[in-house]
Amino acid sequence: MKRLAFKFLAAAAASTIVAACAYAQEIKLGYNGDLSASPSAQSGQAAVLGMEAAIADVNAAGGVLGRKLTLITRDDVSQPPKSIQNMSDLVDNEKVVAVFGPTNSGNAMAWKHIANQKKIPVLGNVGSGTDITKPMSPGADNYMFRVSMVDRQQVAALMAYVKKNAATSKVIGLMAETTGYGQGGLKDMEEIAALQGIKPAAVERFGVGDTDMTSQLSKMKSAGVDTVVVWAQGTPIAQLIRSMEKINYFPLTLTSWAADNITFYDAAGKTLAEKPIFMRTVSETKTPAQQKLFDRIGAKLKAPGSFSFALHGYDSILILTQAIKQANSTDGAAVRAALEDLKAPVPGLLKTYDQPFSKTNHEALTAKDLVWIRWKDGRLLPYTDALIGSLASADFKQ
Amino acid sequence: MVEALLQALISGLAVGGAYALVALGFSITFTTTKTLNFSHGEFVSAGAFIGVSALFLVLGKPFDSTTFGDAVPGAGGQLLALLSALGVMGALGWLLYVLGVRPFAGRPGMAWVMSTLGFGVILQSIGLAIWGPKPVVVPGPVGDAVIRFGNVGVRPQELLMLGVAVLIMFGFDRVMNRTMVGKAMRAVAANGNVASLMGINTNAVMIGAFVISSALAGLSGFMLAPIAQASLFMGLTVGLKGFSGAMIGGLSNPRGCVIGGFLLGVLESMVNLWQAQWREVAVFALVILVLAFRPTGLFGKKMTEKV
């Protein structure tokens, strides 16, 4: 009996050692973002689906450095304290090689110092706040990268359009909600307008929960504004367009990408939803490669519009994989250096990333990679006119 | 310019209608029990979701759906949803009184403030667990096409809300001043013990006040949902603004409360016409000013402490 127990113990110990070895061989990646709490959770879930698909593909092709990738997800319920706690947990306990996320820009700002201190590369694939990828101090090593939309890049493109559209956009108005998101965007808009030599005739603000913005719009109307650029979340943009209908005043309306949210479409209704023009990283017309991913994960997406985040997620894994290969190591500093100087192009689903990052540029997607979008029959379709075709790199000032 | 002013006036009245209804709800419990339901805003949100859930059920969808899609409920369905919002919220008001107010009312201290606040937090948490944080776009009972007077536009639901607020104000005013029930309510408010000695069932009157006030919150939520979208956070601002409206007009005077609500709505709209970022400052500066010079509100009766 005693012997049997010993044998059993020995077997258990042996299997633990084998498991531990397999464990050590895996390269752990972390995801830290909202998966359940706020409307942005849909975006986080989509990003994770895309990342899991990419990891499955990489592993099927033999993994990286002969090791398999594995993803550890942590839900931050959109709360900064929880997000900071997740970050420490992923880095110190789980010993991840890199972190992806978060969904809320504010949370990235809350823990970017951790990534930089611990030298853990972060590839953002949802949050769009301009300041996330800025270094902690000028010239310092920066571990924050991004494969997603960037607020300032959108503003740069919108303002380039307004400038080039001088024939019909003579009097410009700016509008923003009074939240951090709105005011951050307004600052970007005012700065880039100044760079382009555009003088806004009116600047108006509204509350995120307002149901009537006719007063602000009346002021725009009497100032003769023919083009208005709006920075706000989906629902308030919808209320703004509904207020435009009340006073029958429809200037050319360019907005932040929040208008792609289904809550915007629902609230504005089919006809009014087709008024604004905005930008995304992808439209609903997909390339064959994008369609293939959509066929794999589309059924699991909570909102079809969130598929763009699955693409960001997929591509961010491919870029990191390439950097680990080039560095021939999973050491944070080596991977960061490789990310900033990728020798081989990475064929992603959104585009082929040819030297996506450098020491000073940590944005894989820039203004010229974005697509112009307008709702049409309930779908996010590409919008184009003669002017958009003629926009060149030199037109984008930031 | 005249056009802009007219538009601001009508838009302000439309927003003020919501504030007025909420202000009335505060006034009803205050005039009878000298207590307030500090979670009136959460009751508004809850009322909206009870109505929305009823509409979903009428359409044969699960009650916790998140979108109506293209489905538009008929008049019967809307009426049923309204009745369920009134009924469920009325019952919740009764529960609030029994659990959160009666044990503390009339005693020294402010225990009922905490217990009504807590009731709201519980309500919101349960709501989040059931319906989640996503707002629901709700089709209104009177359609969504803009009604125009010249170049001034307003949505039918906003006019309806305005009309309902005025109607309820007159109805309530009449009940309070012309009927026995109203007399009993005023008697309880003036002196509960004496009223009780005169054969008035004070307990029933107080329960009634909380039931009516909460049903009114349900009505506000139901009416507001097609304008602002149903969300569990929608009641927060409206509750605060409604309370401010009641303070400006005078908590003890239902007519004053409604006028205060409308006044606040128009003030906001006019400030938007000037500098929208100063709106909240202007609103609460007005509340403080009114309280400083007329502590019982613009239309409230002078409070005289008898010694």
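## G12(B) and its surroundings

G12(B) counts as buried because it has 25 C-beta neighbours inside 10 Å; a residue is buried if 20 or more other C-beta atoms, placed from the backbone, lie within 10 Å of its own. This glycine is found in helix 1 of chain B, where helices are DSSP runs of H or I with at least four residues, strands are E runs of at least two, and both are numbered from the N terminus.

Leaving aside residues up to four places away in sequence, G12(B) touches G265(B), V266(B), E268(B), S269(B) and M270(B). Contact requires C-beta atoms, placed from the backbone, to lie within 7 Å. The C-alpha atoms of G12(B) and G127(B) are separated by 30 Å, and the two are 115 residues apart along the chain.

## Basis of the model

This is a predicted model, in which local features need pLDDT of at least 70, side-chain atom pairs count only at pLDDT 80 or more, and totals for chains, interfaces and linings use all residues. Residues are numbered from 1 along each chain as its sequence is written, and chains are lettered from A and ligands numbered from 1 in the order in which they are written.

## Helix 1 against helix 5 in chain B

The axes of helix 1 (residues 2-33) and helix 5 (residues 156-178) of chain B come within 8 Å and cross at roughly 35°. Axes here are lines fitted to C-alpha atoms over the stretch in contact, with angles from 0 to 180 degrees between N-to-C directions.

From helix 1 of chain B, the residues in this contact include L13(B), G17(B) and L24(B); from helix 5 of chain B, they include E158(B), M161(B) and F172(B). By class, the contact has twelve nonpolar residues, one polar and one charged.

In the interface, 24 residues of chain A are in contact with 25 residues of chain B. Helix 7 of chain A gives the most to the side of chain A that touches chain B, with six residues. That side has five nonpolar, twelve polar and seven charged residues.

Eight of the nine residues of helix 7 of chain A are buried, among them T214(A), L217(A) and M220(A). Their cover includes strand 7 and helix 8 of chain A, together with helix 1 and helix 10 (254-275) of chain B. Helix 7 of chain A is followed by G224(A), whose phi is positive, near 75°.

## Helix 13 of chain A

In helix 13 (residues 332-339) of chain A, V335(A), R336(A), A338(A) and L339(A) are buried. They cover an arc of only 160° around the axis, judged by the directions from the axis to the C-beta atoms, which puts them on the same side of the helix. The buried residues of helix 13 of chain A pack against strand 3 (98-100), strand 5 (144-146) and helix 12 (307-327) of chain A.

Notes:
Two residues are in contact if their C-beta atoms, placed from the backbone, lie within 7 Å. Ala, Val, Leu, Ile, Met, Phe, Trp, Tyr, Cys and Pro count as nonpolar, Asp, Glu, Lys and Arg as charged, and the others, Gly among them, as polar. A residue is buried if 20 or more other C-beta atoms lie within 10 Å of its own, exposed if 12 or fewer, and partly exposed in between; C-beta atoms are placed from the backbone.
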